[in-house]
Amino acid sequence: MQIQENFSLKQFNTFGIDVSASHFASFANQDELRLLTEMARKKELFILGGGSNILFTKDFNGWVIRNDIKGIELLKEENNYIYVKAGAGENWHQFVLHCIQKNWAGLENLSLIPGLVGASPMQNIGAYGVEMKEYFFELEALHLKDNKISTFSVNDCEFGYRESIFKKKWKNQFVILSVSFRLNKKPIFNMSYGAIGQELELMGVKDLSIQAISQAVINIRNSKLPDPAVIGNAGSFFKNPSVQASFFEKLKRKFPGLVAYTNLDGSMKLAAGWLIEQCGWKGYRKGDAGCHAKQALVLVNYGHASGKEIYHLSREIASSVHKKFGVELETEVNII
Ligand code: FAD
Ligand code: EPU
């Protein structure tokens, strides 16, 4: 285990922000993790995954420790289900591909989401009609203060839209070590996101399979989301905001093009990308900070933008959306 000092984090966050950490190390097992947390005691500590949902706005005066716990293990098999456990340091997309290759169904709509398995429960990752919580079984996490490992069930995690207990009550208190999933032996195809069907048609798919759905999702994602290896970004910068149905009706009368989806409780989830585009930000660029030309919800770093510049742009965007529509945008990306 190597400990680096004054270490540049540029390669370790998908925004490509060039900040440094006073100390940086990776841990491949619980012993290394315990050793590092002991060394970092009384200093600031940040648990890093793939760095695809964070925006560093300044140098980190403390320890950044990167999860590198690997391993995929088949836990048990039932008539209809497979239980599989993955180390928190496994790459999410590679794990999804592994499941697809074994014909374990459920995660295919979540193909190509960047980052590591350990971060997937943090915000209950979701895309193309599926949320991780639907296939989540349990996770193991180390409590940083008392050094004990606890198991969290789906109810313990209090998952919501881009939410979990690890972003609220237990924020910065646990390190997720592994995540287990309950996957289907017989696939239940989720095509609720309209573009999947269209893409499958374009692909000329006759027999539906989880492989085909995964490829359709990959194609759709590649057509509008910027590849962080080419243009720095962290996916959607804001959450899609929910509003009361009565407020939605009023807004819809004023802005007939408003894009929205009905939540289970009857409230309406507005497409933040539409709100931002209507305020004229789509394709905007100031220096190296910008708003993506194909997806207004994604803020981008064209090369040398600082975290502060991107953050300031995000505040300008949020305040113009508030001024025009009276809607608050909540940040999805973790600002450090
Ligand atoms: P990081 O960014 O490293 O960390 C995120 C947070 O989790 C930090 O607070 C960190 O401290 C904490 N954390 C990470 N690992 C652990 C751990 N083991 N224990 C405790 N805390 C931990 N997200 C979606 O939900 N849906 C999408 O469709 C989607 N598309 C994206 C597309 C692009 C191009 C990009 C760049 C991002 C996208 N994202 C999406 C966001 C991001 O990929 C996910 O949130 C992902 O789960 C973040 O994983 P990570 O390992 O990079 O986490
Ligand atoms: N739209 C616009 N202009 C834009 C972007 C979007 O008008 O520039 C409108 C369009 O009408 C479009 C609708 O908004 O049909 C929805 O857009 P899209 O399908 O691209 O999805 P999104 O709501 O912008 C969400 C997630 C993504 C996830 C996709 C697909 C959030 C915050 N974002 O984006 O997740 O991949 O749906 O399911 O919920 C992420 O969390 O980082 C992320 C990328």
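## Polar contacts of ligand 2

In this predicted model, an oxygen atom of ligand 2 lies 2.9 Å from a polar side-chain atom of asparagine 240. The ligand also has an oxygen atom 3.1 Å from a polar side-chain atom of lysine 224. For glutamate 332, an N or O atom of the side chain is 2.7 Å from an oxygen atom of ligand 2. The protein buries 82% of the 820 Å² that ligand 2 exposes when taken alone.

## The shell around ligand 2

The shell around ligand 2 holds 23 residues, and the closest are Tyr128, Tyr161, Tyr193, Glu277 and Glu332. Sorted by class, 11 residues of this shell are nonpolar, seven are charged and five are polar.

Several parts of the protein contribute to the shell. At least two of its residues come from each of α5 (210-224), β13 and α7 (272-278). Of the elements, α7 gives the most, with three residues. Domain 2 (72-184) and domain 3 (232-335) each provide at least three residues of the shell around ligand 2.

## The sheet that includes β13

Strand β13, which supplies residues to the shell around ligand 2, also belongs to an open sheet of four strands. The order in this sheet is β13-β19-β18-β17, and the pairing is antiparallel. At the edges are β13 (232-236) and β17 (285-286), each of which pairs on one side only.

In general, strands of a sheet pair through backbone hydrogen bonds. Strand β17 and strand β18 (residues 289-291) run antiparallel and are joined by two bridges. Opposite arginine 285 stands glycine 290 in β18.

Notes. Residues numbered from 1 in each chain as written. Chains lettered and ligands numbered in written order. Predicted model: local features only at pLDDT ≥ 70, side-chain atom pairs only at ≥ 80, totals over all residues. Heavy atoms only, no water. Pairing = 2+ DSSP bridges. Near = heavy atom within 4 Å. Polar contact = N/O pair within 3.5 Å; in protein donor to acceptor, adjacent residues only side chain to side chain. Areas by Shrake-Rupley, 256 points an atom, 1.4 Å probe, with all protein chains shown as cover. Nonpolar A, V, L, I, M, F, W, Y, C, P; charged D, E, K, R; others polar. Domains from an automatic or database assignment.
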